[in-house]
Amino acid sequence: MFRHLGMIAIVDGKEVISEANDWVNAIESYEILPNIKGVHLNVSVDIVDEYADYMNKTFPIALEKLKEIAER
């Protein structure tokens, strides 16, 4: 499980962590479960509603890439 602490940006060549954004305290949870074919990955994301469309569009793409890497 991951809890977002803020947004990291590079400003003038230095890392700056901003805690004043909607991602703070958002949670991502990952569970790997064995099954007959190998494993099954359960993913749960708890974020504010305004980012739901973004996550619904981008997470499947990222998870497909993760699957490709894992199957190599």
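Student: Among contacts in the chain between residues at least 6 apart in sequence, what share joins residues at least 24 apart?
Tutor: This is a predicted model, with residues numbered from 1 along each chain as its sequence is written. Local features need pLDDT of at least 70, side-chain atom pairs count only at pLDDT 80 or more, totals for chains, interfaces and linings use all residues, and side-chain values use heavy atoms, with hydrogens and water left out. Contact here means heavy atoms within 4.5 Å. For contacts between residues at least 6 apart, the share that joins residues at least 24 apart is 26%.

Student: In what order do the elements of the chain run from the N terminus?
Tutor: Helices (H or I, at least four residues) and strands (E, at least two) are DSSP runs, numbered from the N terminus. That gives 1 helix and 5 strands. Their order is β-β-β-β-β-α.

Student: What percentage of the 72 residues counts as buried?
Tutor: Buried means under 20% relative accessible area, exposed over 50%, and partly exposed in between (1.4 Å probe, protein chains only). By that cut-off, the buried part of the chain's residues is 8%.

Student: Which residues make up the aromatic pair, and is it stacked or edge-to-face?
Tutor: Rings of Phe, Tyr and Trp (its six-membered ring) pair if their centres lie within 6.5 Å; planes under 30 degrees apart are stacked, over 60 edge-to-face, the rest tilted. A search of the whole structure turns up 1 such pair. The rings of Phe2 and Tyr30 have centres 5.7 Å apart and planes at 75°, so this pair is edge-to-face.

Student: Why does the pair tie together parts that are apart in sequence, and by how many residues?
Tutor: Look at the strands: Phe2 sits in S1 (residues 2–3) and Tyr30 in S4 (residues 27–35). Tyr30 is partly exposed, at 31% relative accessibility. The pair therefore ties together parts whose separation in sequence is 28 residues.

Student: Where does helix H1 bend?
Tutor: H1 (residues 52–70) has 19 residues and reaches 26 Å from first C-alpha to last, close to the 27 Å expected; that expected span is 1.5 Å times one less than the number of residues. A bend is the angle between axes fitted to the seven residues ending at a residue and the seven starting there. Here the angle is about 25°, and Pro60 follows within four residues of the bend, which is at Thr58.

Student: What is phi at Asp12?
Tutor: Most residues other than glycine have a negative phi. Asp12 is in the loop between S2 (7–11) and S3 (14–18), and is exposed at 76%. Its phi is positive, at about 55°.
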